[in-house]
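Here's a quick tour of a protein model, written for someone who likes to know the cut-offs behind the words. Have a look at the structure first, then read on.

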Amino acid sequence: MIRPWTPPITVIVLLTLGLGGAQTAPSADAPVKAFEVTASRFEFTPEKIEVAEGDHVKLTLRSADTTHGMAIPELKVKVKIPKGGMPVTAEFVASKPGTFVIKCSEYCGPGHKKMLGTLVVAARGGQ
Ligand code: CUA
């Protein structure tokens, strides 16, 4: 069976790549720091994420097994990570420096409460 959407998507991707050099990104302000994070019983990989204050952070999260969640309460970030490996993204601005706890926000088994990570936001500027 032919997949009718394949040709248009390919064309769009090529056009985007072709124009990439001539166009500026929509939000030129904050640099985007992108990370791929895997959630599994009972850890985040990588466990530690380091960015700088003011960075636009984009996390692409996948579960390697069951449903998990990713929450950074101090930065009001929370996303559910479905089982099956479908990626979900969480985007936020690292608005203040510090070391923040990353928690699993969906019950995933006996190690749920120990499923923790760390977000380190380095202060910008050396005043
Ligand atoms: Cu993973 Cu709760």
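Where is the place of K96? K96 has its place in the loop between β7 and β8 (98-103). Helices (H or I, at least four residues) and strands (E, at least two) are DSSP runs, numbered from the N terminus.

## Ground rules and confidence

This is a predicted model, so local features need pLDDT of at least 70 and side-chain atom pairs count only at pLDDT 80 or more, while totals for chains, interfaces and linings use all residues. Residues are numbered from 1 along each chain as its sequence is written, and side-chain values use heavy atoms, with hydrogens and water left out.

As for pLDDT, that's the predictor's confidence in each residue, from 0 to 100. The chain averages 84, and 76% of the residues score at least 70. Residues 5-26 are the stretch to treat separately: the pLDDT there is below 50, and the stretch has zero contacts in the model beyond near neighbours in sequence. Contact here means heavy atoms within 4.5 Å.

## The chain as a whole

The chain holds one helix and nine strands. Reading from the N terminus, the elements go α-β-β-β-β-β-β-β-β-β. Of the contacts with a separation of 6 or more, 62% are between residues 24 or more positions apart.

Of the 127 residues, 31% count as buried. Buried means under 20% relative accessible area, exposed over 50%, and partly exposed in between (1.4 Å probe, protein chains only). The chain exposes about 8500 Å², with carbon and sulfur atoms supplying 60% of that area. Those areas come from the Shrake-Rupley method with a 1.4 Å probe; for residues, only the protein chains shown count as cover.

## The four-stranded sheet

Four strands make an open sheet in the order β2-β1-β4-β7, and the pairing is mixed. Its edge strands are β2 (43-45) and β7 (88-93), each pairing on one side only. On average, neighbouring strands of this sheet are turned by 30° against each other, direction ignored. The angle uses axes that are lines fitted to C-alpha atoms (for helices, over the stretch in contact), and angles run from 0 to 180 degrees between N-to-C directions.

Strands count as paired if DSSP finds at least two bridges between them. Strand β4 (residues 56-63) runs antiparallel to β7, and six bridges join them. L61 has V88 as its bridge partner in β7, and V57 stands opposite F92. In a regular strand the side chains alternate between the two faces of the sheet.

Strand β5 (residues 68-72) pairs with β6 in the antiparallel sense over five bridges. A71, for instance, has K78 as its bridge partner in β6. Strand β6 (residues 77-81) has two faces: V77, V79 and I81 are on the covered one, K78 and K80 on the uncovered one.

The hairpin has four residues between the strands. In that loop sits K76, which has a positive phi of about 55° although it isn't a glycine. K76 is exposed, at a relative accessible area of 79%.

## Cis bonds and cysteines

Two peptide bonds are worth a look if you plan to check omega values. R41 and F42 are joined by a cis peptide bond, omega about -5°, and F42 is placed in the loop between β1 and β2. The bond from T45 to P46 is cis as well, with omega near -5°, and P46 is found in the loop between β2 and β3 (48-52).

On to the cysteines. C104 is buried at 7% relative accessible area, and C108 is buried at 5%. A search of the whole structure finds zero disulfides, a disulfide being a pair of cysteine sulfur atoms within 2.5 Å.

## Two residues and their neighbours

S40 lies in strand β1 (residues 32-40). Leaving out residues up to four places away in sequence, S40 touches A64, D65, H68 and M115. S40 counts as buried because its relative accessible area is 13%.

Back to K96, which counts as partly exposed because its relative accessibility is 35%. With the sequence neighbours up to four places away left out, K96 touches E53, E74, L75 and V121. K96 and V121 are 25 residues apart in sequence, and 7.1 Å apart in space from C-alpha to C-alpha.
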